[in-house]
Amino acid sequence: MPWIPTVVLACALIAIGVAAIAVATVPALSRAEQGVRWAMKGGQVAIALFVLYDVITLLQGHKADEGMTHAGYAIAAVGVPVLLLTRHTPPADPEDPDAEVVVDPPHLFVVAVAAFAAAVLVIRLQQTW
């Protein structure tokens, strides 16, 4: 797998993380919060496509230097942002499980951590390819 897409994806994720921190700490940038959240969703889609391409190359016969480690990084690259950014709360009323529960989105610092962690995982995935 060439390094250029990996570096572009990692730099984009780092930029999303920096933007999330900036928006979380500077009140004047609060209007950009939705943009940062949408950018992270786009980053998650890009990570999924990157890992899908990696899996396709493995199915076509490429042998990773460290197979199990490589598979672990692939799973973590997709899973860590999902785990950090998906929130589930139990229903407010146990007797009415269909009651609507309003869940606040994760804090922008959590978005930043997810973006930075995903950038590291993408780089490590490339290194074990």
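Predicted model: local features only at pLDDT ≥ 70, side-chain atom pairs only at ≥ 80, totals over all residues.
View 1. Fourteen is the count to keep in mind here: 14 residues line the largest pocket, and Arg 37, Lys 41, Leu 85, Pro 105 and Pro 106 lie nearest its centre. Helix H2 (33-59) and helix H3 (67-85) are the elements that give two or more residues to this lining, and H2 provides the largest share, four residues. By class, the lining has eight nonpolar, two polar and four charged residues. The pocket holds about 280 Å³ of space. A pocket here is an open set of points on a 1 Å grid over the protein atoms alone, where a 1.4 Å probe fits, with protein on both sides within 12 Å along at least five of seven lines; lining residues have an atom within 4 Å of a point.

**View 2. H3 against helix H4 (residues 108-127).** The two axes are 9 Å apart at an angle of about 170°, so H3 and H4 are roughly antiparallel (over 145 degrees). Among the residues that meet (heavy atoms within 4.5 Å) are Tyr 73 and Val 80 in H3, and Val 113 and Leu 121 in H4. This contact has 16 nonpolar, one polar and one charged residues.

**View 3. Helix H1 (residues 3-25) against H4.** Here the axes lie 8 Å apart at about 165°, and H1 and H4 are therefore roughly antiparallel too. Their contact has 21 nonpolar, five polar and no charged residues.

**Notes for all views.** Residues are numbered from 1 along each chain as its sequence is written. Local features need pLDDT of at least 70, side-chain atom pairs count only at pLDDT 80 or more, totals for chains, interfaces and linings use all residues, and side-chain values use heavy atoms, without hydrogens and water.

Terms used: Points joined across faces, edges and corners; volume = space filled by probe spheres on them. Nonpolar A, V, L, I, M, F, W, Y, C, P; charged D, E, K, R; others polar. Axes fitted to C-alpha atoms, helices over the stretch in contact; angles between N-to-C directions. Parallel < 35°, antiparallel > 145°, perpendicular 65-115°, else oblique.
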